[in-house]
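Thanks for asking me to look through this one with you.

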Amino acid sequence: LFMLFSITGIVLLIACANIANLLLARGAGRAMEMGLRLALGASRRQLMTQLMLESMLLSLMGGAVSLLVAQWTLRTIGALLPAEASSTFTLDLRWPVVAFAAALAIATGMVFGMFPALHSTRSDLITVIRAGAGQITGGKSAARFRNGLVTVQIALSMMLLICAGLFLKSLVNVSRVDLGVRVEQVVTFGVVPERNAYDSTRSKALFERIESELSAIPGVTAVTSSVVPLLAGDNWGTDVHVQGFASGPDIDNNARFNAIGAGYITTLGMKLLAGREFTESDRLGSARVAMVNQTFARKFNLTKDPLGKYMSTNGPDSLNTQIVGVVQDARYSDVKDPVPPLFFLPWRQDPRVGGLYFYVKTSLPPEQLLRTIPATLKRIDPSLPVEDLRTMPQQIKQNIFLDRLISIMSAAFAGLATVLASIGLYGVLAYSVSQRTREIGVRMALGADGRHVRRLVMKQVGIMLLVGGIVGVAAAVGVGRAAQSLLFGLKGYDPLVFLVAVILLAAIASVAGFLPARRAANVDPMLALRHD
């Protein structure tokens, strides 16, 4: 949230810098008018008030239009959020937010309209009125201020482009993570019958019937279940005691666990490295069994021969559960989290299971099951709600929604900032060329050709781009380090991202500067001098 708020503030600064430049250019064009008003008796305070009111009116009009853009942006954010988050947050405009936007619009109008108003009402009347006979220039201080604002815009745009590139590369890194499962053709959903007053006996009978009914659906190739949903951000853990592993108050013997159904490993495409997986015969009354992953085996010194060893969650004196299988490491609750030490128990051996998540593998398009499963559950018990019905790729996508949200929003804001900065650069250069028409005409009359004039304008672009680029890159390094906790597989910087951002911004700035440079090179010296 802080990151997105900061990015939004930076885009606002760039937009305000553009407005300040426009007001400076407009003020320079009205210098004759302001000089005459002052000469005829108007006070500087009156003129300042008029110009500040114009600036704030402009800001308020922009703020009013922004409410429409904000509503559209909120809908976009809502589409990127998981269903649970969308229902939790209120994604609409409320009066406190509108009041905040109005206050911000007034404040920015005052702050960024102050210098243009001061400059346009300066008291050197004779100079201003005489300048009205020819080209009215904005003065060196105004020119430096305009160039400084554009340089700041370039720096901020460079920083945002690099940050967006880092987040996009982080998202690419997340998408390339080997999950250790194959769930492209799997649909998942949950049922919690204990909320409908089912006892443990009725719940287990219901689970058995659900698996049977789902298996009978045409196209379904496998059905399994688990207590903890896979890659849904949920995880359960407990302390365990393992045969041959010392226990004590200063020893970490915690592990994640999941209670699963028969065929869980095969259905979800995990790899069984040794032993067997659970079957329907692993139920109450049979010998207690467990499976462990590779990280569990390493942590509890079971790498040599884990099969046949005993473990327990009840204490070191009751090692009553035999390890019958070893599973290759796979992501458990979060795509980005390291694989934890994990053991599996069959839920059928648990005397009380209040709810299960089911996984249905199909040879048909999984979207067809999204319509079939609710009807199947309704035949079993019309009062039983189906929770979190989605395909497993959709569940994985929701698991990384924060990465997707930040990447998309930062890329959108960086693109907007770059467009604004390029417009600001073009505006400043175009205005500068128009004000230097006489100078350019004199240069060309004395022998300068179009290439020399283009080089003169592009040199100005190069200086602003160099200074702004260096500052932007330095700022991006700091921001990247501060945002490292939000990045995956990156250390807060990436040479390729920095290089691409520099090339992209340089290309855009060159295009924005080339158009005024070409216009300057096409100035007719006779017309320029005659106009003066």
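In which sense do strand S8 and S9 pair, and over how many bridges? Keep in mind as you look that this is a predicted model.

1. **S8 and S9.** Strand S8, residues 310–312, pairs with S9 in the antiparallel sense, and two bridges hold the pairing. You can find the spot by looking for Met311, whose bridge partner in S9 is Thr321.

2. **Other partners of S9.** Strand S6 (residues 272–275) also runs antiparallel to S9, joined to it by three bridges. Here Gly275 stands opposite Gly325. Strand S7 (residues 289–293) runs parallel to S9, with five bridges between them. In that pairing, Ala290 has Ile323 of S9 as its bridge partner.

3. **How enclosed is S9?** Strand S9 spans residues 321–327, and six of its seven residues are buried, so the strand is largely enclosed by the rest of the structure. As a reminder for reading any strand, side chains in a regular strand alternate between the two faces of the sheet.

4. **S2 and S11.** Strand S2 (residues 220–226) is likewise largely enclosed by the rest of the structure, because five of its seven residues are buried. Its pairing with strand S11 (residues 356–362) is antiparallel and runs over six bridges. A handy place to check this is Ser225, which stands opposite Phe358 in S11.

5. **The largest nonpolar core.** The largest nonpolar core has 52 residues, and Leu160, Ile162 and Leu425 are the ones that touch the most other members. Elements giving two or more residues to this core include helix H1 (2–29), helix H3 (44–80), helix H7 (139–175) and helix H13 (401–435). Helix H14 (437–445), H15 and helix H16 (495–521) are also among them. H7 supplies the largest share, at 12 residues. For context, nonpolar side chains in soluble globular proteins tend to be buried together.

6. Which residues make the nonpolar surface patch of about 470 Å²? They are Ile463, Leu466, Val467, Ile470 and Val471. Of these, Val471 is found in helix H15, which covers residues 450–482. Val471 counts as partly exposed because its relative accessibility is 47%.

7. Gly489 lies in the loop between H15 and H16. With 65% relative accessibility, Gly489 counts as exposed. Please also look at Gly489 together with Ser170: they are 319 residues apart along the chain, yet their C-alpha atoms are separated by 6.4 Å.

8. **Cysteines.** How many disulfides does the count come to? The count is zero, taking a disulfide as a pair of cysteine sulfur atoms within 2.5 Å. Cys16 is in no disulfide, and the nearest cysteine sulfur, that of Cys163, is 20 Å away. Cys16 is buried, with a relative accessible area of 8%. Cys163 also counts as buried, at 5% relative accessibility.

Technical notes. Residues are numbered from 1 along each chain as its sequence is written. This is a predicted model: local features need pLDDT of at least 70, side-chain atom pairs count only at pLDDT 80 or more; totals for chains, interfaces and linings use all residues. Side-chain values use heavy atoms; hydrogens and water are left out. Patches are made of residues with over 30% relative accessible area and no salt bridge: like charges are joined within 9 Å, nonpolar side chains (Val, Leu, Ile, Met, Phe, Trp, Tyr) within 5 Å. Accessible areas come from the Shrake-Rupley method with a 1.4 Å probe; for residues, only the protein chains shown count as cover. A salt bridge is a side-chain nitrogen of Lys or Arg within 4 Å of a carboxyl oxygen of Asp or Glu. Helices (H or I, at least four residues) and strands (E, at least two) are DSSP runs, numbered from the N terminus. Buried means under 20% relative accessible area, exposed over 50%, partly exposed in between (1.4 Å probe, protein chains only). Two strands pair if DSSP finds at least two bridges between them. A nonpolar core is a set of buried Ala, Val, Leu, Ile, Met, Phe, Trp, Tyr and Cys residues joined through side-chain atoms within 4.5 Å.
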